[in-house]
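Please look at the sequence and the model first.

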Amino acid sequence: MIDELPPSVPGSEAQLVLRPRRILTSRQFFVLFGLISVPVAAVSGYGFALGNAYAPWFALLDLVIVAVALRGVWQSGDRYERIVVGEQRLEVRRSPDDAAVFQAHPYWVRLRTEGVRDAPDHLRLGSQGREVEIGSFLPPGERSELAERLRWMLAAASGRAPANEH
């Protein structure tokens with residue numbers, strides 16, 4: 001998902017915030033866990049009734065592993081990338097600590113795409129021998145949209161016509 005935050009005052013920096021799409025809401029994750037828990041509990045209860053004293057313990061271990069996995073999937077949706085484009089700088093920041101992983105003057109930044117133009121596999125921003133991949137968690141269609149937006153933002157920030165680089 002790409003959110004564009006326009007400059008607060010004319011001439012200031014514009015921002016793009018990239019986030020992965022969430023498939024389920026938090027409530028839907030709880031419902032999913034409940035739907036998984038019921039059959040696991042039923043099977044372990046049946047096994048316990050037939051004399052398997054360890055069945056409830058293995059069921060509990062299984063549910064803990066599933067809960068940890070679902071929590072990890074949910075937390076991976078909290079990550080983001082923030083791209084700040086102004087007249088004097090382009091900066092890429094990433095979660096969780098919002099640290100800058102790439103900084104350069106927008107005039108010298110080049111956007112490089114790999115793969116099919118309408119659905120690129122990789123987007124990279126580079127300048128002065130340094131390069132950073134952006135939007136790796138976005139689907140190909142959104143990467144294409146991101147590439148187009150960045151071309152226009154870089155062109156506006158550096159005062160040149162948008163390039164069709166590949």
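In which helix does S44 lie? S44 lies in helix α1, residues 26–49, where a helix is a DSSP run of H or I with at least four residues, numbered from the N terminus. The model is predicted, so local features need pLDDT of at least 70 and side-chain atom pairs pLDDT 80 or more, while totals for chains, interfaces and linings use all residues. Residues are numbered from 1 along each chain as its sequence is written, and side-chain values use heavy atoms, without hydrogens and water.

Two residues are set side by side here. Buried means under 20% relative accessible area, exposed over 50%, and partly exposed in between (1.4 Å probe, protein chains only).

| Residue | Relative accessible area | State |
|---|---|---|
| S44 | 11% | buried |
| W57 | 60% | exposed |

Leaving out residues up to four places away in sequence, S44 touches A55, P56 and A59; contact means heavy atoms within 4.5 Å.

Helix α2 covers residues 55–76. Its 22 residues should span 32 Å at 1.5 Å a residue, and its end C-alpha atoms are 32 Å apart, which agrees; the expected span is 1.5 Å times one less than the number of residues.

The buried residues of α2 are A55, A59, L63 and L70. Seen down the axis of α2, these fall within an arc of 65°, so they line one face; the arc is that of the directions from the helix axis to the C-beta atoms. What covers them includes α1. The face of α2 turned away from the buried side carries the exposed residues W57, F58, I65, V68 and R71.

Technical notes: Helices (H or I, at least four residues) and strands (E, at least two) are DSSP runs, numbered from the N terminus.
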